[in-house]
Amino acid sequence: MILDTTYRNDEHKQLINDLVGKPFSLFQSLRLGGIGSKRMIIDEVSPNLSSYLNAISDINYGSIELRPHGILMHFTKGLTRYTWAIPYYHLVIYKINGISFHSQGKFIHFRDSKTFKENKNFLKKLTKLKLESNMDHSLEFR
């Protein structure tokens with residue numbers, strides 16, 4: 001679900017909280033060592049996401065925020081800020097010439113650059129939380 005989060009909207013806040021959980025508390029954030037990535041350069045997006053990014057040859061940036069049951073991917077178009085809420089059970093991550101996040105028929109590929117390398121520890125945290133979430137929701141077969 002992609003929402004315009006330029007201005008505070010209680011309905012959008014509630015939708016995001018229902019989908020990916022409420023934000024981590026300050027204590028949880030400190031225990032995790034931070035819950036936000038540094039901004040990364042967006043290299044490519046799926047055709048159904050291209051309308052949310054700058055069409056001219058500007059560099060597009062995105063960042064990721066961790067939530068208990070998913071992630072929030074933030075990016076901008078001009079002065080408008082968009083947030084893509086992705087629950088962990090929908091999230092698929094590929095590491096090919098950078099990193100690519102796929103969900104709900106859409107994807108964002110981040111370029112393998114200096115900022116991407118600075119986010120290495122953050123991405124390890126993300127994959128660990130995704131794995132823990134999948135383990136919590138796995139079915140037992142007998």
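Predicted model: local features only at pLDDT ≥ 70, side-chain atom pairs only at ≥ 80, totals over all residues.
Let's start with a spot you can find on screen: Gln104 sits in the loop between S7 and S8. Its phi is near 55 degrees, which is a positive value in a residue other than glycine.

You will find Asn97 in the loop between strand S6 (92-94) and S7. Phi of Asn97 is near 50 degrees, again a positive value in a residue other than glycine. Asn97 counts as exposed because its relative accessibility is 64%, and the cut-off for exposed is over 50%.

Now let's step back to the whole chain. It has four helices and eight strands, and from the N terminus the order is β-α-α-β-β-β-β-β-β-β-α-α. How does the radius of gyration fit a compact globule? For 142 residues, such a globule would have a radius near 14 Å, and the chain has 15 Å, so the two agree. Along the principal axes, the C-alpha atoms fill a box of roughly 55 × 35 × 35 Å. Of the 142 residues, 41% count as buried. And among contacts with a separation of 6 or more, 53% are between residues 24 or more positions apart.

So what is inside? The largest nonpolar core has 27 residues, and those with the most contacts inside it are Leu66, Ile71, Met73, Phe101, Ile108 and Phe110. Elements that give two or more residues to this core include strand S2 (40-45), strand S4 (70-77), strand S8 (106-111) and helix H4 (120-136). H4 gives the most, with four residues.

Leaving aside residues up to four places away in sequence, Ile108 touches Ile42, Glu44, Val45, Leu49, Met73, Phe75, Trp84, Ile99, Ser100 and Phe101. There is also a second, separate core of five residues, and Leu3, Ile16, Leu72 and Ala85 are among them.

The accessible surface comes to about 9,000 Å², and carbon and sulfur atoms hold 54% of that. The chain carries 20 positive and 13 negative charges, and their mean positions are 6 Å apart.

Definitions and conventions:
Residues numbered from 1 in each chain as written. Heavy atoms only, no water. Rg over C-alpha atoms; globule rule 2.2 N^0.38 Å. Buried < 20%, exposed > 50% of the residue type's maximum accessible area, 1.4 Å probe, protein only. Contact = heavy atoms within 4.5 Å. Areas by Shrake-Rupley, 256 points an atom, 1.4 Å probe, with all protein chains shown as cover. Lys, Arg positive; Asp, Glu negative; His and termini not counted. Charge placed at Lys NZ, Arg CZ, Asp CG, Glu CD. Core = buried A, V, L, I, M, F, W, Y, C linked by side-chain atoms within 4.5 Å.
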